[in-house]
Every structure is written in C-alpha cells, then in structure tokens.
Amino acid sequence: SRGHWTETNCERAGSGTEKEETEQMTMFDDKILSEKAKEHYEIIGQLFETYWLISYQDKLLIVDQHAAHEKVRYERLMRHFREKEAASQQINPPMIVTLNNQEKECLQNHMEDFAALGFVIEEFGGNDYAIRSVPLDLYGYTEGTFFYEILDELAAEVATGTPESVRNRIATMACKAAVKGNHAMSISEADRLIDRLLTLENPYHCPHGRPTIIAMSRRELEKMFGRIV
C-alpha cells in the first residue's frame, strides 16, 4: 500500500551496486552521523513526507525516515532480545494455536527464543498452546501469522546461538513498527530520530541493507548546474 515498505521491498531496494555503495561510504569517513557532526547540522525540512534534508558543511544529507527508524528499532529489539528484556503486550482473550507434532517439538526447543522476543506462551492441552502476550512492537499486526513464520523458519534450521530466522523476524518487526514514508513528521520528531540514530555503531544502513542516509557534495551539485567542469 502507499507508503508501506514490506520486508521484500526493503531487501530489494537495498541492492545498490558496489561502486555506488563505495562512493557513498567515502563521504562518511568524517563520521557525519555523530554527536560532534550534529552540532553543525541545519535541518532544512521534509521532502515528499519521506525524506529529511540536512545541510552539513559542504554536503547535502538526505535521511530516509523509514529506514532510519527501522534501524533504530531493530537495534533496540536486538538488544532486548539478547538481554531478555523484550516488552510484551497482553492479548485478551489469548490466541489459541494448534500445532502438529513437529511444530510442537520446535516450539518446546525454542521456547526461550520466543520468550526473548516478547511472546508469553503456555500449554493449553494436547497440541494446543495459548499465546497470552505478543511483542509490544508487533501488537496490532498479524501476530498469529508472525508466530507461525518464526516457527516454520526455526523448524527448518539447525543453527545454534541466535537463529538467523529470529534476526530476520526482528528485522520484520522493526520494519512493521517503523514510521512509514508519506508520513508527515515535525522537525522536533526528526531531530529526536536523528539523535537516536547517532548512538548506533553502524547507523548507515537499515537491517535489510537499504541506506538510511545518502550524501551529495557541493561539488556534485555545482557540476550538475554547470558551475564547474
């Protein structure tokens, strides 16, 4: 739908050429997403209710509000998952799911992973389980579908540690919960989002590989307008 990025959209859009990505990253050598650099930011405004234009020294920075918010949420969710501090939202009545033997075994083997994501799941008798709470950032979306997607991916994996499917699903949670494109934000909201982005170790790409920010130098602009050769 308009302004809504699906996980597939994010993955597809993140596939820039290696040359383009290298050229962009060379412009980030001075850590343009840092507390020190932000002292010299001038937020110009929002474009197409999706992108934020920022003047910084001799560069024009363009921030994708969805990709930036998705990255911030993903890092927070991953931290909560690792530290087992995920926030949950109780659902009433609970969601009853009926599992086959393979799904039941998989759930029992990965109950800690589901709990770390924010699910509260209890046996309900036989092959039935009651989902009493879901991840807070997932509440209001298709919680049941999401639960089965994780379960199916976990059942197909033999990896140890943090399963890749869990990382993928956390990325999906972050994507669903992030502010969308075609959504008006105030300058103060954009400023807070940028502040949170600055705290990340790698703030330049969302979990699906799309850039959160691109930069254009003054020299590039002047070449476009024929001011320099």
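Me: Helices are DSSP runs of H or I with at least four residues, and strands are runs of E with at least two. How many helices and strands are there in the protein chain?

Reply: This is a predicted model, and its protein chain holds ten helices and seven strands.

Me: What makes H66 buried or exposed?

Reply: Buried means under 20% relative accessible area. H66 has 0%, so H66 is buried. H66 has its place in helix α4 (residues 65–83).

Me: What makes H66 and V179 a polar contact?

Reply: Two N or O atoms need to be within 3.5 Å, with one able to donate a hydrogen and the other to accept it. A polar atom of the H66 side chain lies 2.9 Å from the backbone oxygen of V179, and 2.9 Å is within the 3.5 Å limit.

Me: How do you know on which side of α5 the buried residues lie?

Reply: Helix α5 spans residues 101–109, and E103, C106 and L107 are buried there. These three cover an arc of only 100° around the axis, which puts them on the same side of α5. On the other side, N101, E105 and N109 are exposed.

Me: Which side-chain oxygen reaches towards Q102 at the start of α5?

Reply: That oxygen belongs to N100, and it comes to within 3.1 Å of the backbone nitrogen of Q102.

Me: Which residues do ring pairs link into a cluster?

Reply: F114, F119, F147 and Y148 are linked in this way.

Me: Where in the protein chain is confidence lowest, and where highest?

Reply: The lowest is helix α2 (residues 18–26), with a mean of 48, while the highest is strand β2 (residues 51–56), at 96. Over residues 22–27 the pLDDT is below 50. The mean for the chain is 82, and 81% of its residues reach 70 or more. Where pLDDT is low, the predicted coordinates should not be read in detail.

Definitions and conventions
Residues numbered from 1 in each chain as written. Predicted model: local features only at pLDDT ≥ 70, side-chain atom pairs only at ≥ 80, totals over all residues. Heavy atoms only, no water. Buried < 20%, exposed > 50% of the residue type's maximum accessible area, 1.4 Å probe, protein only. Arc of directions from axis to C-beta. pLDDT = per-residue confidence, 0-100. Contact = heavy atoms within 4.5 Å. Phe/Tyr/Trp six-rings, centres within 6.5 Å; stacked < 30°, edge-to-face > 60°.
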